[in-house]
Amino acid sequence: MSACEFESLEKCLETHLPEAEITEVKRILFGKDTKKLDLPSCAVNAASERGFELKGYKFEAVQEQLRPPREIRVGLIQHRIVLPTDAPILDQINAMHSRVGEMVEVAAMCGVNIICFQETWTMPFAFCTREKQPWTEFAESAEEGSTTRFCQELAKKYNMVVVSPILEREELSGTLWNTAVVISNSGNVLGKSRKNHIPRVGDFNESTYYMEGDTGHTVFQTQFGKIAVNICYGRHHPLNWFMYSMNGAEIIFNPSATVGALSEPMWPIEARNAAIANHCFTCAINRVGTEHFKSEFTSGDGKKAHHDFGHFYGSSYVAAPDGSRTPGLSRTCDGLLVVEMDLNLNRQISDKWSFKMTGRYAEYAEELTKAVRRDFKPNIVKE
Ligand SMILES: NC(=O)NCCC(=O)O
């Protein structure tokens with residue numbers, strides 16, 4: 001079986017492990033069991049008719065005496081590109097709008113309050129090619145572009161916060177950015193968060209296209225909680241997660257595009273670890289499928305030129321501050337993951353483990369300030 005045919009680790013465990021052992025294996029691998037959500041049959045039927053996986057889970061918190069529960073639902077959407085990469089650009093964008101639109105409608109049936117799409121969701125992940133044309137033509141204004149307009153309609157129609165990661169062209173300067181547009185459930189653009197860390201690994205030649213973000217670690221106060229967006233490669237940087245959390249994020253989304261050969265063993269660990277370390281929820285989203293490009297490109301490793309990036313392995317999941325996590329969506333199919341969470345869990349776990357309280361931030365800040373200077377001398381004691 002090839003990597004792009006293997007459906008999921010969870011399915012494999014369930015198929016092959018004895019009944020008596022599966023509960024213990026899952027407890028050790030995934031933490032406290034997440035209950036399955038009872039999703040409405042209209043949503044289940046619509047997902048099946050429209051050919052995508054629909055899964056729902058619930059993280060619970062203790063009922064407090066003084067604070068009411070803060071239960072909300074998030075939706076994560078992963079999908080493959082709809083049309084071939086050489087179809088006319090507008091057709092590709094429109095096809096993606098239509099696919100994601102029908103998935104968001106199902107999310108609305110499931111009572112989702114905040115939805116997040118995958119990184120640069122309106123286009124193929126063409127940055128492997130290093131060609132500027134035609135790929136930069138997918139870039140749009142974060143405030144006025146057709147994709148933002150489309151998401152504003154969805155947000156208003158379904159009373160849903162929409163996190164829409166796109167390739168952004170800044171209107172005035174023409175500069176390109178990798179940006180998540182955050183649209184309030186009122187339909188207004190609340191703001192945008194630009195990708196802070198640009199990969200320089202494998203075929204991820206993104207530095208050819210856009211710059212490191214200049215929006216810092218913005219947190220967006222929505223009606224359903226405080227959210228932030230740490231785009232893809234930023235998940236390898238623990239301090240990036242940390243800074244969103246320092247600014248008060250209760251949920252950090254990680255819209256991504258990454259391939260199996262490169263990052264799959266890291267995928268289940270990084271966002272989950274960030275949830276633990278920062279006493280918050282994290283939501284990791286990855287696209288699916290293999291995208292074929294007309295012109296061949298090389299990977300600078302002496303191997304033959306090729307037409308694709310490899311397999312994007314999906315496996316989107318949500319992690320909670322207590323270290324538990326949902327099962328992932330499939331590695332191969334389009335899917336919608338609906339997760340109910342009580343945001344009170346963040347403070348409950350913070351009170352239990354106290355990582356935030358016990359962090360020696362003033363000391364780290366002082367030492368880091370020295371460490372980034374040219375005249376820095378590492379603190380090493382020698383005999
Ligand atoms: N899109 C992106 O930043 N990918 C980089 C590779 C990875 O972080 O797995």
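How many nonpolar, polar and charged residues does the lining of the largest pocket have? In this predicted model, the lining comprises five nonpolar, seven polar and twelve charged residues. The pocket has a volume of about 450 Å³. Among the 24 residues that line it, Glu14, Lys26, Lys36, Tyr57 and Pro327 are the closest to its centre. Helix 1, helix 2 and strand 2 (53-59) each contribute at least two residues to this lining, and the largest share, five residues, is drawn from helix 2.

The packing of helix 1 and helix 2 was examined next. Helix 1 (residues 9-16) and helix 2 (residues 19-30) pack at an angle of about 155 degrees, and their axes are 10 Å apart. Because angles over 145 degrees count as roughly antiparallel, the two helices are assigned to that class. Helix 1 passes helix 2 in a right-handed crossing. On the side of helix 1, the contact is formed by Glu10, Leu13 and Glu14, and on the side of helix 2 by Ile22, Val25, Lys26, Leu29 and Phe30. These contact residues divide into five nonpolar, no polar and three charged.

The second largest pocket has a volume of about 340 Å³. Of the 19 residues in its lining, Val259, Ala261, Leu262, Phe309 and Gly310 lie nearest the centre. Two or more lining residues are given by each of helix 7 (260-263) and strand 13 (306-313), with strand 13 providing the largest share, five residues. By class, the lining of this second pocket has seven nonpolar, six polar and six charged residues.

Notes:
Residues are numbered from 1 along each chain as its sequence is written. This is a predicted model: local features need pLDDT of at least 70, side-chain atom pairs count only at pLDDT 80 or more; totals for chains, interfaces and linings use all residues. Side-chain values use heavy atoms; hydrogens and water are left out. Axes are lines fitted to C-alpha atoms, for helices over the stretch in contact, and angles run from 0 to 180 degrees between N-to-C directions. Helices (H or I, at least four residues) and strands (E, at least two) are DSSP runs, numbered from the N terminus. Angles under 35 degrees count as roughly parallel, over 145 as roughly antiparallel, 65 to 115 as roughly perpendicular and the rest as oblique. A crossing is left-handed if the near helix is turned anticlockwise from the far one by less than a right angle, and right-handed if clockwise. Contact means heavy atoms within 4.5 Å. Ala, Val, Leu, Ile, Met, Phe, Trp, Tyr, Cys and Pro count as nonpolar, Asp, Glu, Lys and Arg as charged, and the others, Gly among them, as polar. On a 1 Å grid over the protein atoms alone, a cavity is a set of points where a 1.4 Å probe fits but cannot get out, and a pocket is an open set with protein on both sides within 12 Å along at least five of seven lines; lining residues have an atom within 4 Å of a point. Grid points are joined across faces, edges and corners, and a volume is the space filled by probe spheres set on the points.
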